[in-house]
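Visitor: Could you take me through one part of this model up close? I'd like to see how its pieces pack together.

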Amino acid sequence: MQLNDLKPAWKQLKLLNAMRHIESKEILSIIENPENTNKTKLQRVLFNIVMFIVITVFCQGG
Amino acid sequence: MKFEKRHFIQIIDNNKGTIRSLCKVYYANSEDRKDAFQDIILQLWKSFDTFRGESEISTWIYRVSLNTILTKKRGDKKSISIEPLDTPHQDICTAKADDNVELLYIIIQSLKDIDKAIIVLYLEGYRNKEIAEILKMSQTNVATRLNRLKSRLTKKFNNKSHAAKRS
């Protein structure tokens, strides 16, 4: 098998990923309110940090 | 809604398969994929004014998407080191890659970030010169990396088929 044999597979992968519909609202919210996207990311990072601290504190072996 | 925004949404809708596929080959985690997708849309929108149609829309999409992902990856301190292709990669041999899409996905996952971009652009049908322009690399560098990847992958495929014949 050669690399060229995988060209149809890349096309197929793109088709599979194009099947799910994308809402205009979704794109508009990204381009009109980019700060909202950053806020969500920050919230998630903070949540992960808090969870990590909680798990570390409660799961320390005695 | 302004015509410019409607036109942009239409372009994204027509190319969502490409953008999502790129996010998928670079990020295993769905949240990371979603972040990358949003970053790409934002970068495409920011550079939409400067896009003058000198290249194909798909080339512009690839250029902005890949450069956004590669910049994001470089800046991502959390990213773990990716296993290079020349180390034994068990997945390629043992996974049930009855489907070429699955095989392609496994192979791309095993590559370094920059090599992923080169392979994807090669599979898309771009020539070395175009790949070099899109990724802002020298043509020699692209050609060397691509040849190395091709020969390694061919060797891996052959090993896999030999192993399959023996078993």
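Guide: Helix 1 of chain A and helix 6 of chain B are roughly perpendicular to each other, a label for angles of 65 to 115 degrees. Before we go on: this is a predicted model, where local features need pLDDT of at least 70, side-chain atom pairs count only at pLDDT 80 or more, and totals for chains, interfaces and linings use all residues. Residues are numbered from 1 along each chain as its sequence is written, while chains are lettered from A and ligands numbered from 1 in the order in which they are written.

Back to our pair: helix 1 (residues 7-18) of chain A and helix 6 (residues 100-109) of chain B pack at about 95°, their axes 9 Å apart. Those axes are lines fitted to C-alpha atoms over the stretch in contact, with angles running from 0 to 180 degrees between N-to-C directions. The helices themselves are DSSP runs (H or I, at least four residues), numbered from the N terminus.

Who does the touching? Chain A's helix 1 brings P8(A), A9(A), W10(A), Q12(A) and L13(A), and chain B's helix 6 brings N100(B), V101(B) and L104(B). Being in contact here takes C-beta atoms, placed from the backbone, within 7 Å. Sort the residues of this contact and you get six nonpolar, two polar and no charged. For that sorting, Ala, Val, Leu, Ile, Met, Phe, Trp, Tyr, Cys and Pro are nonpolar, Asp, Glu, Lys and Arg are charged, and the others, Gly among them, are polar.

Chains A and B also meet at I41(B): leaving aside neighbours within four places in sequence, I41(B) is in contact with I27(A), I30(A), I31(A) and I12(B).

Chain B itself is divided into domain 1 (1-79) and domain 2 (81-167), with bounds from an automatic or database domain assignment.

Note on methods: Helices (H or I, at least four residues) and strands (E, at least two) are DSSP runs, numbered from the N terminus. Angles under 35 degrees count as roughly parallel, over 145 as roughly antiparallel, 65 to 115 as roughly perpendicular and the rest as oblique. Two residues are in contact if their C-beta atoms, placed from the backbone, lie within 7 Å.
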